[in-house]
There are 2 protein chains.
Amino acid sequence: MPDQIFPYKQLFAFAKNIFQKIGCSDLDADTATKALLSADLRGIDSHGIARLSGYVRLWEAKRVNAKPEIKIIHQTPSTGVVDGDKGLGLVVAPFSMQLAIDKAKQAGTGWVSVQNSNHFGIAAHHAMMALQHDMIGIVMTNASSTVAPTFSVDRMLGTNPICVVAPAGEEPPFVADLATTTAANGKLENLQRKNLPAPVGWVQDAEGSNSTDVNELKKGGALLPLGGDREHGSHKGYALGAVVDIFSALLSGANYAPWVPPFPAYLPMPAEQPGKGIGHFFGAMRIDAFRPAEDFKKHMDKWIRGFRSAKTIKGHERVLIPGDPEREMEEKYSKEGLPLLDIVVKDLTDLGKRFEIPFN
Amino acid sequence: MPDQIFPYKQLFAFAKNIFQKIGCSDLDADTATKALLSADLRGIDSHGIARLSGYVRLWEAKRVNAKPEIKIIHQTPSTGVVDGDKGLGLVVAPFSMQLAIDKAKQAGTGWVSVQNSNHFGIAAHHAMMALQHDMIGIVMTNASSTVAPTFSVDRMLGTNPICVVAPAGEEPPFVADLATTTAANGKLENLQRKNLPAPVGWVQDAEGSNSTDVNELKKGGALLPLGGDREHGSHKGYALGAVVDIFSALLSGANYAPWVPPFPAYLPMPAEQPGKGIGHFFGAMRIDAFRPAEDFKKHMDKWIRGFRSAKTIKGHERVLIPGDPEREMEEKYSKEGLPLLDIVVKDLTDLGKRFEIPFN
């Protein structure tokens with residue numbers, strides 16, 4: 001359980017310093033740290049500073065290039081393909097989202113598919129770049145295969161998240177960021193730490209049967225697509241995860257399906273690589289390419305207030321708008337500091353010793 | 001249960017004739033009939049000719065305009081907004097998808113949001129227009145509210161489907177078309193006809209409790225978002241349905257959330273109308289705006305074959321690719337004719353009598 005609280009500034013300085021130590025420029029280290037810590041701030045701590053040493057291990061394994069030459073290798077007025085040059089996804093993603101935004105300024109919308117990248121933290125951080133431009137932001141990424149499609153024993157897809165953000169007027173923005181599985185891997189890890197079983201519908205065992213064992217992934221089991229089983233629409237979660245794979249990797253030339261490289265550097269690479277690195281997809285739609293932004297935002301406010309005032313099921317205080325829980329976390333953690341698990345503190349302390357940067 | 005089989009040609013001639021009788025031009029009647037019957041051919045009979053009399057009732061209620069002047073009311077190089085002029089969605093949708101395709105030819109991608117429309121049948125029919133141009137097709141629509149978001153008793157969203165299609169090379173195309181609910185309303189209607197209970201996770205009662213009563217919607221209950229409950233990710237299905245509403249209606253100026261007009265003409269209109277008609281969203285992405293179409297299709301073939309050859313769970317013959325079941329239905333029904341339920345045959349016979357067109 002979390003038992004130590006750290007100010008954002010302290011974690012920021014530490015992580016940025018580490019990124020610089022592995023060779024990132026000042027600007028890239030800054031960009032990467034902001035992206036990384038946005039996960040902690042928003043309460044998605046599985047994707048935050050707890051992964052810093054994982055990124056360093058990828059660099060050691062020469063799978064991450066700290067000085068990438070990120071290139072636009074193809075483009076049209078509304079599209080672009082980016083080669084991330086094995087850079088940190090935390091740096092490649094903001095570059096690519098900015099390209100989508102720039103395209104949208106000219107053509108109304110911008111769509112960028114990315115090859116040869118690495119993990120980019122949380123999708124919402126990048127998608128939310130669109131908000132200040134009164135644009136809708138869309139971000140997807142593929143990931144190494146942990147998910148079995150409906151009727152499959154084999155793992156064929158990653159947790160492949162979809163993120164869509166839209167600005168509102170007086171209300172906070174709409175921010176939906178969801179793994180296309182019943183539960184993200186981070187939630188399973190939380191249960192592992194607490195030694196609790198998983199609900200039926202989250203994982204299957206190596207034979208494809210229902211399981212509540214949170215360690216099933218280590219034994220040849222798999223995460224389940226959103227829906228859980230066929231009767232509850234797992235073929236839909238599978239289809240959505242597949243769409244993410246197609247947009248992120250088939251359009252860009254990245255690896256896909258079971259051939260996406262894993263995040264942990266100690267895991268073997270897939271035997272075959274039909275593309276380069278992992279793939280992402282970024283979209284930006286200028287609201288006023290459709291209707292005046294003020295009109296849209298006025299109606300978004302009405303939409304949001306309609307949902308907020310819906311009658312709730314007994315025992316539930318309110319209907320949440322996508323993005324509410326994470327925004328509330330961010331408000332709290334920005335003020336109070338970020339809680340880190342002992343195991344993460346130890347990992348960061350070790351990492352700091354190695355690079356001669358005291359963590360605490 | 002279905003007990004009469006009709007050749008496609010017979011149903012086509014009848015439906016087209018009816019559309020002409022209510023005032024559609026020859027071309028519009030042709031377009032509408034193709035769209036309508038594509039549902040029957042693909043085995044989605046809830047959205048096919050069984051709804052013909054429903055469309056006629058909307059015309060009688062002056063909610064459908066048989067001679068619409070469909071207009072592009074705003075555009076940029078990659079976007080457009082269409083006013084459907086209360087036309088049949090079956091006609092407005094192909095117009096709008098064609099506009100998206102035309103935009104994509106010029107700008108790389110095309111994105112069209114539509115207001116003032118009506119139900120358009122199945123999304124896949126329209127999305128698949130993109131395939132012959134080597135484009136990815138994307139189609140969404142909102143619908144009247146039957147779905148309760150997580151923790152809500154009130155119905156706030158429609159079944160709001162998302163459809164994404166992508167071409168392959170030697171393999172058939174990828175066609176994902178999914179309601180953002182655990183189960184589409186049509187599946188519930190099938191159980192009603194058979195007097196069977198619904199699985200837990202499909203519907204809730206008027207208090208928001210789990211229910212297996214297939215008639216729950218008539219008693220103030222609601223369909224559940226994909227995921228079913230919070231523990232199994234219903235907030236994700238809710239977020240996806242919300243994205244469909246935002247793209248289809250908030251961008252275009254159509255009605256949204258609980259204010260979307262219902263399909264059955266006998267149901268009262270929502271008390272308030274913040275927009276016009278129902279909303280749709282259409283997207284087309286030219287593959288070669290990202291990479292050569294041949295490369296993409298070669299990798300799609302590899303992707304599809306990878307999934308087809310995945311090891312299956314005991315008792316399941318194969319892992320399906322999105323679009324497989326519907327394509328197989330279409331092959332069968334095109335050859336053998338389309339099965340219609342007695343109740344549908346009677347409804348069409350009555351409709352035919354009224355317009356002096358013998359059905360059978």
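The model is predicted: local features need pLDDT of at least 70 and side-chain atom pairs count only at pLDDT 80 or more, while totals for chains, interfaces and linings use all residues. Side-chain values use heavy atoms, with hydrogens and water left out; residues are numbered from 1 along each chain as its sequence is written, and chains are lettered from A and ligands numbered from 1 in the order in which they are written.

About 7200 Å² is buried between chain B and chain A, and carbon and sulfur atoms give 69% of this area. Buried area is the accessible area (1.4 Å probe) that two parts lose on being put together, summed over both. Of the area that chain B buries against chain A, 11% comes from Phe151(B), Lys236(B) and Phe290(B), more than from any other three residues.

Within chain A, seven strands form an open sheet of mixed pairing, in the order E2-E3-E4-E11-E5-E6-E7. Strands (E, at least two residues) and helices (H or I, at least four) are DSSP runs, numbered from the N terminus; two strands pair if DSSP finds at least two bridges between them. The table lists the edge strands, each of which pairs on one side only.

| Edge strand | Residues |
|---|---|
| E2 (chain A) | 71-76 |
| E7 (chain A) | 174-178 |

Strand E3 (residues 79-83) of chain A pairs in the parallel sense with strand E4 (residues 109-117) of chain A over five bridges. Gly80(A) has Val112(A) in E4(A) as its bridge partner.

Helix H1 (residues 8-21) and helix H3 (residues 52-60) of chain A have axes that come within 11 Å and cross at roughly 0°. H1(A) is therefore roughly parallel to H3(A), a term for angles under 35 degrees. Axes are lines fitted to C-alpha atoms, for helices over the stretch in contact, and angles run from 0 to 180 degrees between N-to-C directions. Phe14(A), Ala15(A), Ile18(A) and Phe19(A) in H1(A) meet Leu52(A), Tyr55(A) and Val56(A) in H3(A).

Notes:
Parallel < 35°, antiparallel > 145°, perpendicular 65-115°, else oblique. Contact = heavy atoms within 4.5 Å.
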